[in-house]
Amino acid sequence: MDNALVSIIVPVYKAEKYIHQCIDSLLAQTYKNIEVILVDDGSPDHCGKICDEYAAKDCRVKVIHQQNGGVSVARQTGIDHATGEYSIHADPDDWVELNMIEELVAKAVANNADMVICDFYRESKSDRIHVCQNPGNDLSASAVLRKILSQQLHGSCWNKLVNRSRIEGIGFTPEDLCILEDELYNIRILARKIKVSYLPKALYHYRIDNENSLCNTISDKSFKLKVKAVSEIESFCLANVAGIAFFDFFPIKRNVLFDALRTKRYEVLRELYPEQKEAMINSGTPYRLLAPVSSCIALALRGYPALAYILYDWNMRLINYLQQIKRFVKR
């Protein structure tokens, strides 16, 4: 298994500006026994052509062209065509360290692990931040699942190598989810009580300033889909994970409320998650000038959403100003 085939799945859509860097980093892996599955999800730019050019040059590249169905459909297509003993995902606007697959496979083999989680870099034009994913001493699947729910661990697929034998029957559903779809998917895998291992190295580069990324836009549709995804996660966990209670969903629901606040969806903010409203209010002290997100949400839920937004906006401006000073000092 130390030379097992690894399937790397890349859902491709509107990424022609970055896709060369992504694919080049995958094909240059020190671990050679890979298949790179590029799923062109009806991308309207030149991504489909670029993918075909790579396939013509390297037999490890498989290209699948399909009508646009969204990221969940694209990820599922990749899984359906994967033949490796292990699988991992990569987004087309990101890139990876050249030894990423080698390190992850070695860890999986050494620990007989079904899933290996690694650290990553959060990348922007002005900054690079090492995001540590240390799950602590308890690496049981249930503990890792709860840390994903609590937002202590990132729920993405791209920093998790998974043994494909443990994901049979698990799919990316509902198909219309375009946000938190990977978190729901990983929670379903972890609910099977798999063996998890952690590699304390940053091997993936996550780009956060791609203007086309769904994570950077909050339309009415994407906001509703995020609410739907949280509902799907909650329903699945309550039905399939022992010991899960309503308060375990507090962090992920707070993030949805934060999106409602920063996009001024005040009525939605008041109506969502009434069963946790008291906990949300008590989670922050809304009278500090330099207030955390929880304080802003608490103030909004107490009946002052416009004031809460002003406080949030002031804080964001201050944080951006301090970051600019920090970058200037570094120079």
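Helix 3 and helix 6 are oblique to each other, a class that holds angles other than those under 35 degrees (roughly parallel), over 145 (roughly antiparallel) or from 65 to 115 (roughly perpendicular). The model is predicted: local features need pLDDT of at least 70 and side-chain atom pairs count only at pLDDT 80 or more, while totals for chains, interfaces and linings use all residues. Residues are numbered from 1 along each chain as its sequence is written, and side-chain values use heavy atoms, with hydrogens and water left out.

**First stop: helix 3 and helix 6**

Select residues 71-81 for helix 3 and residues 181-190 for helix 6. Helices are DSSP runs of H or I with at least four residues, strands are runs of E with at least two, and both are numbered from the N terminus. The two axes come within 10 Å and cross at roughly 45°; axes are lines fitted to C-alpha atoms, for helices over the stretch in contact, and angles run from 0 to 180 degrees between N-to-C directions. Val 71, Ser 72, Arg 75 and Ile 79 of helix 3 meet Glu 181, Asp 182 and Tyr 185 of helix 6, where contact means heavy atoms within 4.5 Å.

Now display the side chains of Arg 75 and Glu 181, which form a salt bridge at 3.0 Å, N to O. The term requires a side-chain nitrogen of Lys or Arg within 4 Å of a carboxyl oxygen of Asp or Glu. Arg 75 belongs to helix 3 and Glu 181 to helix 6, so this pair ties together parts 106 residues apart in sequence. The whole structure holds 15 salt bridges.

**Second stop: two loops**

Select Pro 174, in the loop between strand 8 (160-163) and helix 6. The peptide bond from Thr 173 to Pro 174 is cis, with omega near -5°. Next, select Gln 151, in the loop between helix 5 (141-149) and strand 8. Phi of Gln 151 is near 70°, a positive value in a residue other than glycine.

Select residues 220-240 for helix 7 and residues 250-262 for helix 8; they pack at about 170°, with axes 10 Å apart. Helix 7 and helix 8 are therefore roughly antiparallel. Residues of the contact include Phe 223 and Val 230 of helix 7 and Ile 252 and Val 256 of helix 8.

**Last stop: helix 12**

Select residues 305-330, helix 12, and find Tyr 321 there.
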